[in-house]
Amino acid sequence: FDLIELPMKKHSRIKTCCMKNVCNGCILAAEQRGIYDRCPFCRTPHPSDDASKLEMIQKRVSKGDADAINYHAGQYFLGNIGLTKDVPRAIELWTEAAELGSVDAHHDLGVAYYHGCGVEENQPRGVRHWQEAAMKGHVTS
């Protein structure tokens, strides 16, 4: 069990092959051991382009992986990795991921509903999602 310093996005990177947050220290340690072209967690080769990254994500999404669904939703929300920006689809995927137990999805839904990002502003609903995420251990919620 490796604790990642807050803010996590600054001190780690999510690996699309296994949907794990890998801390920068672990990435550095893997590189010092000569592991440049593979994930330090699952040893899967890094995707070569956005299409192969999207394929890896979609494979995990099709298996019902809550973290992958949450990540996929974020890519739709931002319009990254070759996906067209589609906020309603992102909300739909975040909802599915939250139902599967993703605390990050609850947090992201809280942000979307509280601030009205792509959905009608509903601050009480946003707060409920943040509370759900916080009760399940999401630190920034």
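Biologist: Happy to go through this predicted model with you. What makes D65 count as buried?

Modeller: Its relative accessibility is 17%, and buried means under 20%, so D65 falls in the buried class.

Biologist: Nice. How many salt bridges does a search of the whole structure find?

Modeller: Three. Another one of them joins E92 and R89, at 2.6 Å from N to O.

Biologist: Where do E92 and R89 lie?

Modeller: Both are in helix α5, residues 87-99, and they sit three residues apart, about one turn of the helix.

Biologist: What makes E92 partly exposed?

Modeller: E92 comes out at 47%, and exposed would need over 50%, so E92 stays partly exposed. R89, at 29%, is also partly exposed.

Biologist: Then there is K136 with E132. Why is that pair called a salt bridge?

Modeller: The closest N and O atoms of K136 and E132 are 3.3 Å apart; the limit is within 4 Å, so the pair counts.

Biologist: Are K136 and E132 buried or partly exposed?

Modeller: Partly exposed: K136 has 43% relative accessibility, and E132 has 28%.

Key. Residues numbered from 1 in each chain as written. Predicted model: local features only at pLDDT ≥ 70, side-chain atom pairs only at ≥ 80, totals over all residues. Heavy atoms only, no water. Salt bridge = Lys/Arg side-chain N within 4 Å of Asp/Glu carboxyl O. Buried < 20%, exposed > 50% of the residue type's maximum accessible area, 1.4 Å probe, protein only. Helix = DSSP H or I, 4+ residues; strand = E, 2+ residues; numbered from the N terminus.
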